[in-house]
Amino acid sequence: MFDHYKILVKAGKGGDGAIAFRHEKSIAKGGPYGGNGGDGGSVYFRASKDIESLQEFSFRQHFFAQDGENGKSKLCNGRNGKDIVIAVPVGTIVTNEDGNFVADLDKDGEMILIAKGGRGGRGNASFKSSTRRTPNLAENGLEGEKKNLFLELRLLADVGLAGFPNAGKSSLISSITNAKSLVASYQFSTLEPVLGVCDHPYLQERFVIADIPGLIEGASHGKGMGFDFLRHILRCRVIAHCIDPTNCEHGDLQTAYNIINSEIDAYSQEFSRKRHVVIITKMDLVEDRSAIDSFVKTLPSDIPVFFVSCLDDQSLASLAKGLSSIVAEERNKKRTVWSEQTDKEVVYSANDFDTGSIPQYDILPMEDGKFVIQGDRVIRMKRLINLSTDEGLDRLIAYLDRIGVNERLKDMNVPAGATVVLDDFEFEYQP
């Protein structure tokens, strides 16, 4: 099953603002005439119920939005770059390189911004003022966001059937839903998760059941098949432990129950916060119920227990009604909404490039005798200023002086003529 991939997304770079002046016959003092650059395209994810897996990402892992167009003369603004929308299956979880949560696309049609395009730079016409009639400076477009992301598909189901191989899960889901899961007497007959819809007139609510391939001891550490499919149980509202009372391979019923519990708890502590039920399967093969009764007495009082035989329609109907009622209760609980906080785009005035507070930055000496200025906002400001003109260079030096770089270099006893590095720009320090 294609259910997890790593991809690279990159939003478009904003177009550079133009430096131009109006030169037309019979028009004196035409003034600045440079247009603004267009914004870079952004990258979006959209959940679609028409996509069943992440298979398409096995053919393509890189997604790049279009760059914004540079500004032109005659006050012509550049065209904005085109956004790209990446369709993913409903139930896709997005995390970043550090494993931190980014997005949870669990509704059909849900769309989120995943990488924001860079803002287009302003042309010199935007910097015209009563005191600056012919500004010879403009802004560069900013780079768009670039991210390595991990996509993980977790099936959306109300009830997840957990249990050892041959615990009767496949027979159960085939009996109470429209799913046709492979039923066989050997272990791991189910090689991929199977979804089935339980929809009967007598039910309080219809619900979806997931038959998760059989777990074994050590599944949370990658043993057997459980590691690949445990992620799907995370989506389920209710965890149904299927226990076969006729199989003594794992000891008594309590031991089998504890092994499955410990495996799913070791994979994620989120399981302990979910609703749990116990389903004792294959009751038609049980002759002595004393061991079952002893096991049921050890369970917490808030865990419902169902006794089921796939040959007994009454027990199947009772199970369907019970699960439907429990699912209805879970659906009514308040849903946690996940979102990623993104920094707001900084907007600059026409007269100044940075009107905010003094940014945080460091100046670090290097082994080669150079001094490097480090700080996200300072580097961002340098990239914004067009350094191809003397006025742009003057503006950058004035900005560094205003935020105290000169004073800090003096306090560090940096010698005159030393090289100071900011991003890819170098200059000589003169106190």
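A: Start with the contacts of the whole chain. Of those between residues at least 6 apart in sequence, 71% join residues at least 24 apart. The model is predicted. Its chain has 431 residues, and 48% of them are buried. The secondary structure comes to eight helices and 18 strands.

Six strands form an open sheet in the order 10-11-9-12-13-14, and the pairing is mixed. Strand 10 (194–198) and strand 14 (305–307) are the edges. Each has a single partner strand, so one side of each lacks a neighbour in the sheet. On average, neighbouring strands here are turned by 25 degrees against each other, direction ignored.

Look inside the sheet at strand 12 (residues 238–243) and strand 13 (residues 275–280). These two run parallel and are joined by six bridges. Ile243 stands opposite Ile280 of strand 13.

Two helices that pack on the sheet come next. Helix 1 (residues 169–176) touches strand 9 (159–162), strand 10, strand 11 (207–211), strand 12 and strand 13. The direction of helix 1 makes about 155 degrees with that of strand 11. Helix 3 (residues 253–267) also packs on the sheet, touching strand 9, strand 12 and strand 13. The direction of helix 3 makes about 145 degrees with that of strand 12.

Strand 15 (residues 362–365) pairs with strand 16 (residues 371–374) in the antiparallel sense, over four bridges. Asp362 stands opposite Gln374 in strand 16. Five residues lie between the strands of this hairpin, and Gly369 takes a positive phi near 90 degrees.

Then comes a helix pair. Two packed helices are described by the angle between their axes and the distance between the axes. For helix 6 (residues 376–384) and helix 7 (residues 390–402), the axes come within 10 Å and cross at roughly 160 degrees. Angles over 145 degrees count as roughly antiparallel, and helix 6 and helix 7 are therefore roughly antiparallel to each other. The crossing of helix 6 past helix 7 is right-handed. On the helix 6 side, Arg377, Val378, Met381 and Lys382 make the contact. They meet Leu396, Tyr399 and Leu400 in helix 7. By class, this contact of helix 6 with helix 7 has five nonpolar, two charged and no polar residues.

How values were computed:
Residues are numbered from 1 along each chain as its sequence is written. This is a predicted model: local features need pLDDT of at least 70, side-chain atom pairs count only at pLDDT 80 or more; totals for chains, interfaces and linings use all residues. Side-chain values use heavy atoms; hydrogens and water are left out. Axes are lines fitted to C-alpha atoms, for helices over the stretch in contact, and angles run from 0 to 180 degrees between N-to-C directions. Angles under 35 degrees count as roughly parallel, over 145 as roughly antiparallel, 65 to 115 as roughly perpendicular and the rest as oblique. A crossing is left-handed if the near helix is turned anticlockwise from the far one by less than a right angle, and right-handed if clockwise. Contact means heavy atoms within 4.5 Å. Ala, Val, Leu, Ile, Met, Phe, Trp, Tyr, Cys and Pro count as nonpolar, Asp, Glu, Lys and Arg as charged, and the others, Gly among them, as polar. Two strands pair if DSSP finds at least two bridges between them. Buried means under 20% relative accessible area, exposed over 50%, partly exposed in between (1.4 Å probe, protein chains only).
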